[in-house]
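Hi,

Here is the structure I promised to pass on. Have a look at it first, and then read my notes below.

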Amino acid sequence: MSLKYAVLASLLEGEASGYDLAKIFDVSVSNFWAATPQQLYRELDRLAAEGLIDARVVPQERRPNKRMFTLSAEGHADLAAFTARRPKPLALRDELMVKVQAVDVGDLDAVRAHIEERVSWAQGRLARYERIRQHLLGGRTEEEFLEVGERIGPYLTLMAGIGFEEGNVDWGRRVLGILERRAARAAQSSSGSASGARS
């Protein structure tokens, strides 16, 4: 999938400038689609040229004029058609997993530090996602929101992001425990071999 549909879906929130969209991506899309502001601006120009979004210029004093974007009727139709198409299979490339795969011959301490960093990163994202979740709920329970909320798509994708990072934390803690026990056993074995050699 190209960035195109992530942008079109983000514009379901309403009219937005490129700056607004970058914030929307940071808050509600970053858990499943990453894009730099430069990529967003290029994509907005492309979508406007294709007629999938409408752009208007808002004059501003003391600052450059601002372009505001909305979904066009063609954009709505294209986005709706996109939801009906079969998604491509998920292709995961994670350098940390390659390091873990090679841990038996690698630098155990370094790999453990990488995993600890991944756990810490995931915990930070979970805290951020929880703030977003509370904002989306707006004081309602999850059940109330999912029953009567005007748009539930952003919440449903947030649930996936939360589940993914919870999985990272659980996996990381479990692997760290396994590596710690193996390192302790190896240290005991090596100290036993050393004392046996001395006697």
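Predicted model: local features only at pLDDT ≥ 70, side-chain atom pairs only at ≥ 80, totals over all residues.

**What I found**

Let's start with Met 68, which sits in strand 3 (residues 66–71); helices (H or I, at least four residues) and strands (E, at least two) are DSSP runs, numbered from the N terminus. Met 68 is buried, at 9% relative accessible area (buried means under 20%, exposed over 50%, partly exposed in between, with a 1.4 Å probe and protein chains only).

Residues are numbered from 1 along each chain as its sequence is written, and side-chain values use heavy atoms, leaving out hydrogens and water.

Now the rings. Searching the whole structure gives two aromatic pairs (rings of Phe, Tyr and Trp, the last by its six-membered ring, pair if their centres lie within 6.5 Å; planes under 30 degrees apart count as stacked, over 60 as edge-to-face and the rest as tilted). Tyr 5 and Phe 82 are stacked, because their ring centres are 4.0 Å apart and their planes are at 5 degrees. Tyr 5 belongs to helix 1 (residues 3–10) and Phe 82 to helix 4 (residues 73–84), so this pair ties together parts that are 77 residues apart in sequence. Tyr 5 is buried at 10%, whereas Phe 82 is partly exposed at 24%. The pair of Phe 145 and Tyr 155 is tilted, with 5.3 Å between centres and 50 degrees between planes.

On to the charges. Side chains of opposite charge can pair when their charged atoms come close. The count here is 11 salt bridges (a side-chain nitrogen of Lys or Arg within 4 Å of a carboxyl oxygen of Asp or Glu). One of them joins Glu 13 to Arg 151, with the closest N and O atoms 2.3 Å apart. Glu 13 is in the loop between helix 1 and strand 1 (16–17) and Arg 151 in the loop between helix 7 and helix 8, so parts 138 residues apart in sequence are tied together. Another is formed by Arg 125 and Glu 165, at 3.4 Å between the closest N and O atoms; Arg 125 lies in helix 6 and Glu 165 in helix 8. Both Arg 125 and Glu 165 are buried.

Cheers
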